[in-house]
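Welcome! Try each task before you read its solution.

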Amino acid sequence: MSAAADRTDRAPLSLDDGTALVLIDLQRGILALPTTRPAAEVLANGIRLAEAFRARRLPVVLVRVAWSPDGGDLPTTDVDRPGPASAPPAAFSEIPAELAALGDVVVTKRHWGAFTGTELDLQLRRRGIHRIVLAGISTSVGVESTARTAWEHSYSLVFAEDATADTDPASHAHAFGKIFPRIGKVSTTAEITAALGAGPHSA
């Protein structure tokens, strides 16, 4: 049973016009990884969320990870489990055409989290955003890193569990069972899209 489905005492989700959707690393290279939930399902739910936000004229932020061709801005490899030793090809960072739309905010990050070294906070603040609906791949890396910083920046958080996946089941379960309920609300694509349809609209 999902973390969202397990919470039977929750009040109905409410989302106002200060809400933005932030999708983490739904790009070709990441979507090709073996994940706890099929990447095609994660992408499909991400598209559903994006379409609902666009219909409400609320911001959709597509975050991707990419590095310079020379690899000079890659994270340090002086760790026990290093990341890539060289920058992947440009196609790795391409956002699928079926997800992207004119008017979306595209943020390119070099680290796990989407706030570090990017304009994400500025893009959200200047649009009057105080709440983030967060989803993407992978749960315990890009999503959790972004979520922790967002919470520390005083954003309210809603996690779309069925639009999020990890490469490791235990890491995914830990994030949704132990971390995310302490810094936000765990929800589903259906609940979020329903809340957008029922919420107050700007004049």
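**Exercise 1. Find which residues the ring pairs link into a cluster.**

Step 1. Ring pairs link Phe159, Phe176 and Phe180 into a cluster; rings of Phe, Tyr and Trp (its six-membered ring) pair if their centres lie within 6.5 Å, and planes under 30 degrees apart count as stacked, over 60 as edge-to-face and the rest as tilted.

A word on the source: this is a predicted model, in which local features need pLDDT of at least 70 and side-chain atom pairs count only at pLDDT 80 or more, while totals for chains, interfaces and linings use all residues. Residues are numbered from 1 along each chain as its sequence is written, and side-chain values use heavy atoms, leaving out hydrogens and water.

Step 2. Now take a second pair: the structure holds 4 aromatic pairs. One of them joins Phe115 and Tyr155, which are tilted, with 5.9 Å from centre to centre and 35 degrees between the planes.

Step 3. Both Phe115 and Tyr155 are buried (under 20% relative accessible area, with exposed over 50% and partly exposed in between, using a 1.4 Å probe and protein chains only).

Step 4. Because Phe159 lies in strand β5 and Phe176 in helix α5, the pair ties together parts that are 17 residues apart in sequence. Helices (H or I, at least four residues) and strands (E, at least two) are DSSP runs, numbered from the N terminus.

**Exercise 2. Describe helix α5 and what its buried residues pack against.**

Step 1. Helix α5 covers residues 169-183, 15 residues in total. Its span from first to last C-alpha is 21 Å, close to the 21 Å expected (1.5 Å times one less than its number of residues).

Step 2. A kink of about 35 degrees is centred on Ala175; the bend is the angle between axes fitted to the seven residues ending there and the seven starting there.

Step 3. Buried residues of α5 include His172, Ala175 and Phe176. The buried residues of this helix pack against α4 (139-152), β5 (156-165) and β6 (185-187), where contact means heavy atoms within 4.5 Å.

**Exercise 3. Work out the order of the strands in the sheet.**

Step 1. The open sheet has 6 strands, ordered β3-β2-β1-β4-β5-β6, with parallel pairing; two strands pair if DSSP finds at least two bridges between them.

Step 2. At the edges are β3 (105-109) and β6, each pairing on one side only.
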